[in-house]
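Hello,

Here is the structure I promised to pass on. My notes follow it.

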Amino acid sequence: MGEQGPDGSNKKRKTDERVAHAAPVTPAAPVAPVAKTARQTAKTAAKKIAPKKTAPKKTAAKGTAAKKTAAKETAKPAANESRTALVRRARRINRELAEVYPYAHPELDFDNPFQLLVATVLSAQTTDLRVNQTTPALFSKYPTPEDLAAANPEEVEEILRPCGFFRAKTRSVIGLSKALTEDFGGQVPGRLEDLVKLPGVGRKTAFVVLGNAFGRPGITVDTHFQRLVRRWQWTAETDPDKIEAAVGALFPKSDWTDLSHHVIWHGRRICHARKPACGACPIAPLCPAYGEGETDPEKAAKLLKYEKGGFPGQRLKPPQAYLDAGGKPAPPLGAG
């Protein structure tokens with residue numbers, strides 16, 4: 001009931017009548033349509049790796065790619081990430097990289113454990129490509145440990161000159177060939193403790209050989225691996241042996257060899273040391289270091305290397321799976 005006035009009239013009724021006869025409220029002006037450039041930006045963001053800010057729900061609902069992007073945003077590592085969360089994020093990164101590089105393989109050409117062992121020793125301080133361009137002449141002239149053990153050092157030096165540090169590397173490959181001949185009957189041993197006793201062979205080289213020639217799991221902690229696992233905050237260690245232990249504890253042992261390939265491939269093709277291509281990175285939402293490199297997708301695409309950039313890979317004789325995926329073999333030494 002409304003309040004009664006002195007004359008018996010209903011004050012509420014009069015107030016309602018005044019409101020009813022008041023000027024109508026002017027409707028709000030319609031929202032201006034989104035500019036064409038803004039629509040294009042939204043479409044691009046839905047197709048590319050998600051930026052740091054979560055896309056609006058309405059945009060994310062428009063397509064599967066946008067939904068996947070929005071879902072991935074929740075995987076960004078927190079400053080106080082728990083051990084469980086770290087393990088989950090690390091394993092998810094490896095799964096994502098496995099989809100990007102299903103054909104990942106050792107990028108040194110080899111036909112047997114001896115060739116892989118020698119090639120890995122030669123790869124120190126140079127590229128796998130340069131090694132692959134150099135070893136055909138070496139293995140053609142010295143196909144077995146016995147042959148290389150009896151080689152003239154000056155002739156070997158001349159062959160290995162393109163690899164850099166050719167004198168030290170000549171001593172190492174001749175020395176390990178003599179050790180194989182004298183201590184292991186000319187065969188490459190399949191145990192870590194035996195391999196690391198050979199001249200020029202450390203844990204990294206040993207795990208390359210064990211994982212790729214003998215099928216025994218191992219983590220290859222090269223410069224790319226060290227750089228990326230620190231960027232991803234899997235570990236803060238700088239010593240290769242400690243990095244190996246810390247990262248190995250995050251994964252099942254059966255994953256170690258393929259994990260090494262995935263990380264190294266990503267470091268060579270996308271997550272470069274000086275200019276990482278963040279805008280073209282498939283694991284950007286999972287990376288604490290996103291933004292250290294170029295984030296613009298078009299500019300980032302120009303930084304891609306090897307098959308990701310449309311260029312030849314590092315092997316002269318790559319596996320068929322790599323060729324089937326669009327990879328290109330490297331040219332031989334001296335080819336224009």
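Tryptophan 234 touches Leu86, Arg89, Ala90, Ile93, Val229, Val247, Leu250, Phe251 and Leu259, leaving out residues up to four places away in sequence. Contact here means heavy atoms within 4.5 Å.

This is a predicted model, where local features need pLDDT of at least 70, side-chain atom pairs count only at pLDDT 80 or more, and totals for chains, interfaces and linings use all residues. Residues are numbered from 1 along each chain as its sequence is written, and side-chain values use heavy atoms, with hydrogens and water left out.

Now the cores. The largest nonpolar core has 39 residues. Such a core is a set of buried Ala, Val, Leu, Ile, Met, Phe, Trp, Tyr and Cys residues joined through side-chain atoms within 4.5 Å; buried means under 20% relative accessible area (1.4 Å probe, protein chains only). Tyr101, Phe225, Trp232, Trp234, Val247 and Phe251 touch the most other members. Two or more residues each come from α5 (83–100), α13, α14 (240–248) and α15. Helices are DSSP runs (H or I, at least four residues), numbered from the N terminus. The largest share of this core, six residues, is from α5. A second, separate core has 34 residues, including Phe110, Cys163, Ile174 and Leu176.

Next, threonine 170. This residue sits in helix α10 (residues 166–183). Threonine 170 counts as buried because its relative accessible area is 2%. Beyond its neighbours within four places in sequence, threonine 170 is in contact with Pro153, Val156, Glu157 and Leu160.

Best wishes

Notes. Buried < 20%, exposed > 50% of the residue type's maximum accessible area, 1.4 Å probe, protein only.
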